[in-house]
Amino acid sequence: MSARSQVTRWYQSIPAFIAVSPSLIAVGIFVYAFIIWTILISFSASKMVPDFTWVGFLNYWKLWQFGPWRLAVGNFVIFSVLYVGIGLALGLFLAILIDQRIRVESLFRTIFLYPIALSFVVTGVVWRWIMNPTIGFEKFVRDLGFPNFEFAWISDERFVVYALVAAALWQVSGFVMVLFLSALRGVDAEIIKAASLDGARPWRIYASIVIPSIWPVFLSAGAILIGMALKTFDLVIVMTQRGPGGSSEFPATFMYDMAFRRNQLGIGSASAVMILAAALIIVLPALLIGAPNRDRNK
């Protein structure tokens, strides 16, 4: 390519660069600049207001001495394992059912996709009503003639995390279903037909052919679900208010509480950095593993 052609292409790209530059500047300031600012604050003596007196890793040491933070990390591990595991399994199951070309496929897709259009605030309010022992599912069953029935997960410290898992799964299962359904529709039909002619049973075809060929979707969907689990804040605040007794504390709610309610900006920033580190450690490997396979399929 001649120098003149390169200059011409450069001039032609100027309007496009001007068009996207406001977005690039906004992302640079409100995402990456604030990430750097948060990291700096986490190494400082900041309390109510930023104080850039260097304290090293003191805030991180204090962070891991807090019982609520260790509880929040434990709750996140339980929540994310169940949320991701059941979410992937349920989404795949629903996708396989709809992939059978049923007559009311569009209706079922709409029904399953509807919850993802709602915010976690709405989801939290709805499920708080459902699990409220005085007005929800427990009262409904008792009114049917089962006075000893109990379903008070939302007010029980032992089960409140599982109540949050149930609400979150209700919202996200349709989204995961769509991801898997699009992948299933992309599997080569000739391979499936050949396996059927060889006498392979449907479950064997899915286990040996279909599912292995769509495994990058597992990585992508899992990365998305883990990212959503890390940001679990509004669902907890609306549904349980971090209760009962602080038993539904999560990293995001702990960060907010320390930074904006207890005036511990340095420790709150340290918890935010830990959340970012967890996201990078968990999500990036999945995306990097899936990238070569996506490029190979192009």
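This is a predicted model: local features need pLDDT of at least 70, side-chain atom pairs count only at pLDDT 80 or more; totals for chains, interfaces and linings use all residues.
## Helix H7 against helix H10

Two packed helices are described by the angle between their axes and the distance between the axes. Helix H7 spans residues 160-185, and helix H10 spans residues 215-230. Their axes come within 10 Å. The crossing angle is roughly 160 degrees. Angles over 145 degrees count as roughly antiparallel, so H7 is roughly antiparallel to H10. H7 passes H10 in a right-handed crossing.

Which residues of H7 meet H10? On the H7 side they are Val172, Phe175, Val176, Leu179, Phe180 and Ala183. Their partners in H10 are Val217, Phe218, Ala221, Ile224, Leu225 and Met228. By class, this contact of H7 with H10 holds 12 nonpolar residues. It has no polar and no charged residues.

## Helix H5 against helix H7

H7 also packs with helix H5, residues 120-130. The axes of H5 and H7 come within 10 Å and cross at roughly 130 degrees.

H5 contributes Phe120, Thr123 and Trp127 to the contact. H7 contributes Ala166, Ala167, Ala168, Trp170 and Gln171. What classes do the residues of this contact fall into? Six are nonpolar, two are polar and none is charged.

## The largest pocket

Rolling a probe the size of a water molecule over the atoms shows where empty space is left. In this model, the largest pocket has a volume of about 670 Å³. Its lining counts 22 residues. Nearest the centre lie Ile35, Met255, Ala272, Ile275 and Leu276.

Which helix gives the largest share of the lining? H13 does, with nine residues. Helix H1 (3-42), H10, helix H12 (251-260) and helix H13 (265-297) each supply at least two lining residues. By class, the lining has 17 nonpolar, four polar and one charged residue.

## The loop between H11 and H12

Most residues other than glycine have a negative phi, and most peptide bonds are trans. The loop between helix H11 (234-239) and H12 holds Pro244. Gln241 lies in the loop between H11 and H12 too.

Is the peptide bond joining Gly243 and Pro244 cis or trans? The bond is cis, with omega about -5 degrees. Gln241 is not a glycine, yet its phi is positive, near 55 degrees.

Methods. Residues are numbered from 1 along each chain as its sequence is written. Side-chain values use heavy atoms; hydrogens and water are left out. Axes are lines fitted to C-alpha atoms, for helices over the stretch in contact, and angles run from 0 to 180 degrees between N-to-C directions. Helices (H or I, at least four residues) and strands (E, at least two) are DSSP runs, numbered from the N terminus. Angles under 35 degrees count as roughly parallel, over 145 as roughly antiparallel, 65 to 115 as roughly perpendicular and the rest as oblique. A crossing is left-handed if the near helix is turned anticlockwise from the far one by less than a right angle, and right-handed if clockwise. Contact means heavy atoms within 4.5 Å. Ala, Val, Leu, Ile, Met, Phe, Trp, Tyr, Cys and Pro count as nonpolar, Asp, Glu, Lys and Arg as charged, and the others, Gly among them, as polar. On a 1 Å grid over the protein atoms alone, a cavity is a set of points where a 1.4 Å probe fits but cannot get out, and a pocket is an open set with protein on both sides within 12 Å along at least five of seven lines; lining residues have an atom within 4 Å of a point. Grid points are joined across faces, edges and corners, and a volume is the space filled by probe spheres set on the points.
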